[in-house]
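Good morning, and thank you for making time for this presentation. Please have the sequence and the model open while I speak.

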Amino acid sequence: MDSARQVFTVDLLERYAAKGRGVITCMAAGNDVIVLGTSKGWIIRHDFGVGDSFDFDLSTGRPGEHSIHRVFVDPGGSHCIASIVGTGGADTFYTHAKWSKPRVLTKLKGLVVNAVAWNRQQITEVSTKEVILGTDNGQLYEIAVDEKDKKEKYVKFLYELTELPEAFMSLQMETATILNGTRYYVMAVTPTRLYSYTGIGLLDAIFASYLEHPVRFMELPGEIPNSELHFYIKQRRAVHFAWLSGAGIYNGGLNFGAQHSSSTGDENFVENKALLAYSKLSESSEVVMPTSMAVSEFHFLLLIGNKVKVVNRISEQIIEELQFDQTSESASRGIIGLCSDATAGLFYAYDQNSVFQVSVNDEGRDMWKVYLDMKEYAAALANCRDPLQRDQVYLVQAEAAFNSKDYLRAASFYAKINYILSFEEITLKFITVNEQDALRTFLLRKLDCLAKDDKCQITMISTWTTELYLDKINRLLLEDDTALENRNSEYQSIIKEFRAFLSDSKDVLDEATTMRLLESYGRVEELVFFASLKEQYEIVVHHYIQQGEAKKALEVLLKPSVPIDLQYKFAPDLIMLDAYEAVESWMATNNLNPRKLIPAMMRYSSEPHAKNETHEVIKYLEYCAHRLHNEDPGVHNLLLSLYAKQEDDSALLRFLQFKFGKGRESGPEFFYDPKYALRLCLKEKRMRACVHIYSMMSMHEEAVALALQVDPELAMAEADKVEDDEDLRKKLWLMVAKHVIEQEKGAKRENIRKAIAFLKETDGLLKIEDILPFFPDFALIDDFKEAICSSLEDYNNQIEQLKQEMNDATHGADNIRNDISALAQRYAVIDRDEECGVCRRKILTVGREYQLTRGYSTVGQMAPFYVFPCGHAFHAQCLIAHVTRSTNEAQAEYILDLQKQLTLLDGEARKDSNGPLTDETLTSMAPVDKLRSQLDDAVASECPFCGDLMIREISLPFILPEEQYSSTSWDIQSRNLGNQRSLSLSL
């Protein structure tokens, strides 16, 4: 393989890593930390993250030679466990990254620890949590160490192999937190077996349960001294494992969420198991076993001799061989082993002196090819990095399906190809083999893969697909005559599929082109379906009407998106097709204008109907008038005309008598045209209705005249309706009386008796003298004797009543004259200290300003004044000024005008008063008295302090708007006192 494209590369990390402390015997790594064990009992720790290094001598104080047997580092690089062996026995040490000196685990003295399993999910920097140790005598122990305690918290014995005692060579552990606790998964290997343990709860309880039932294990033939078990960790979770066994590399996936557990909690969490035989690692017949191994996501790194062979885990093919630059002294022994740093994603190889770093460079970049060669297409697609790689996978799948004549499946794969094969090439493939169904499938899948921006291509492909569907439908009809009747036929299923396609593609299909296609193939139902999708409701409704399916047409018209004008356009056809459904639909539609439906209703009404048939138009018009409160005169006129044409006029009379405008403040009580209603009722000879209309139009004489032709009782009722015009009411009753007298055919005395009885029904409105002219001249007066006498008695009673009323009026006039005379002599006593209610000056004090009052008669030298019964007194001038100020503007102007006129007339009277007192002078004084009386009424009708004027002042504010300026002038203004000086006075 080209070195530029190599997945794994080797770099020398440190040439003399042992630092003269012997030779390297073992190594472990985690989180950019490597720990080396040497043959002289030293541990050397390198932390590449922080760049420091230090070492410990574990053989101090121990007799003889000692060598580090194994070292183990947790994934975080903080905790380290080392096992040392020598002539003095075996010991196990623990050290922390922050410790300067390791601690011996005394309870493990004498035990050789070969394997350690860390709790990767729960371990922290300060605590190891549960750690499982495996020894060379087939025992498992659990320990836990906290950094702050400087010693182990506990050491527990867990398990021992009894059936086949062997050394535990490697351990791995995973945990999962579930509802009822923590589930542990433990895998352990010996030279010949792989054991798996699982359970919920504490580790000692889990392993104790295996004393009662056998442990699950996998045994492979052959024995390998350096058996190893590795987990590949991805996002802190083991994904797959590999066991370096004597028969080969046993590997598989790990599914720790599997639910196929037994009642005991045991669970087989290994999936997709496989065995890579060592024979595949060498071209010769000699089988060479690896001495060490490491596992990456897709590869095994196998140490064979001084080389590392990289084997693809999926294809089991060697893809690379890694060489190491060793020193001459180390080359003789070769590479000792491999280890991995799962956290950093690095691998290491080491010999006696040097440490090499193996880096990974995008190992999954060619995995899609590996999976493709193995025909694992789903995995190949999952590992593709770009569209071209995916196209190659789809192409291989498509070609395989096409060659096997699985054209529909091939079409699905071809539709996903975007670059390496053109659209035209693919379609020609299907056209060449005459596979129309596969071609349609390809076009449909291609539509799913196209971006929304490719509008032109989408429209063209959709149109082509539509034509293929139509062709398929027609071919099915030609092949099977029963396809229309058989609901389960292929024809019916393709129709459903085609309609679903039209629904999905309605926004991208060209409307005119698609409709022409559907029409050319004669697919009327699909044409209607597509028209409804495109909201071409006129076509849909027209089709349903032609088919006689009024209900379906009305359902379309009821959709919110349908224009209301279509309701009016198709109303004539729909009401003739199914009047009941049409009217029910109209009543269910809120925004209909009934006026625009009048042509349709008139067309329906012009057709003959059975006597007992419900008139649907009348039902709808009644709904509009009574429920919708429609006020359109056209609607009311049409309803009235339909009522008039019915044999029974009771509905017509109820309609005419109903007050549609009742409850409104203004407006008519009916909305039909009364003149049109009258003409119509006269034409249809609905006389009772005509009487009602005449009466409603205040044409009472015509109403009574017509009513007399129908029913005298009706005429009497109409005559009695007039209440505000006594003369007209009497005239109407005379018309009725004349008709009654003239129509009587019995004996004369009987006629007179009936006439007298009629007079009683008028409640005294008509007298005997009113109806006498209607009798013939030769009628004997004796026949009217009783009626005449009764009438004369009534007149006599009225005369006596008038006399009594005149006497009462004369007595009342005399009383009024006496009251007037008494008023002229009325007086009031005023104290000499009485004050004016306005100016607070004494009423009887002569003041210069009060002498100027004009229009008033003075009493000596005193000014004119007013005294009220309540005791308040006011100077005339003060009272006028107060009332003028307190009353409204119009009344104030009226008072001032009267005062002005009074002053002028009084001045003229004074000029004339120097001459002799004549009749003319007395006559000129009369207007002055009249004006003075008017002024008195205006200002002195009531006391201003006790009457309505004072009551109205309660609602006035204390400060009037015109007084606002004076009010603000009294406000206390804040001043800056900071600049004022203060003087201190000493006392």
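E174 is buried, with a relative accessible area of 0%. By buried I mean under 20% relative accessible area, by exposed over 50%, and by partly exposed anything in between, with a 1.4 Å probe and protein chains only. This is a predicted model, in which local features need pLDDT of at least 70 and side-chain atom pairs count only at pLDDT 80 or more, while totals for chains, interfaces and linings use all residues. Residues are numbered from 1 along each chain as its sequence is written, and side-chain values use heavy atoms, with hydrogens and water left out.

What does E174 pair with? E174 forms a salt bridge with R120, and their closest N and O atoms lie 3.0 Å apart. The pair links distant parts of the chain, with E174 in strand β14 (residues 170-178) and R120 in the loop between β10 and β11 (131-135), 54 residues apart. R120 also counts as buried, at 14% relative accessibility. A salt bridge here is a side-chain nitrogen of Lys or Arg within 4 Å of a carboxyl oxygen of Asp or Glu. Helices (H or I, at least four residues) and strands (E, at least two) are DSSP runs, numbered from the N terminus. In general, side chains of opposite charge can pair when their charged atoms come close.

A search of the whole structure finds 37 salt bridges. A further one joins D91 to K109, with 3.4 Å between the closest N and O atoms. D91 belongs to strand β8 (residues 89-96) and K109 to the loop between β9 (103-104) and β10 (113-117), so this pair ties together parts 18 residues apart in sequence. Are the two partners buried or exposed? D91 is buried, at 4% relative accessible area, whereas K109 is exposed, at 56%.

The next pair lies within one helix. R440 and D437 meet through their side chains in a salt bridge of 3.1 Å, N to O. Both belong to helix α8 (residues 436-449), and, being 3 residues apart, they are separated by about one helical turn. An α-helix has 3.6 residues a turn, so residues three or four places apart point the same way. R440 counts as buried at 7% relative accessibility, and D437 as partly exposed at 23%. Salt bridges with shared partners join D437, R440, K472 and E490 into one network.

I turn now to the strands. How many residues of strand β12 (residues 139-146) are buried? The count is 8 of the 8, so β12 is largely enclosed by the rest of the structure. In a regular strand the side chains alternate between the two faces of the sheet. In β12 both faces are covered, with Q139, Y141, I143 and V145 buried on one side and L140, E142, A144 and D146 buried on the other.

β12 pairs with β11 in the antiparallel sense over 4 bridges, where two strands are said to pair if DSSP finds at least two bridges between them. Within that pairing, E142 in β12 is the bridge partner of I132. β11 and β12 form a hairpin with 3 residues between them, and G138 in the turn has a positive phi of about 80°. β12 also pairs antiparallel with strand β13 (residues 151-160), over 8 bridges. There, K151 in β13 is the bridge partner of D146. The hairpin of β12 and β13 has 4 residues between the strands, and in it K150 takes a positive phi near 65°.

Elsewhere, 4 strands form an open antiparallel sheet in the order β1-β28-β27-β26. β1 (8-14) and β26 (337-341) stand at its edges with a single partner strand each, so one side of each has no neighbour in the sheet. β1 is joined to the antiparallel strand β28 (residues 355-360) by 6 bridges, and V10 stands opposite V358 in β28.

One more helix deserves mention. The buried residues of helix α13 (residues 537-546) are Y537, V540, V541, H543, Y544 and I545. Their cover includes α12 (524-533), α14 (550-557) and α15 (565-577), judged by contact, that is, heavy atoms within 4.5 Å. After α13 comes G548, whose phi is positive, near 75°.

I close with the chain as a whole. Its secondary structure comes to 33 helices and 30 strands. Of its 987 residues, 44% count as buried. Among contacts between residues at least 6 apart in sequence, 52% join residues at least 24 apart.
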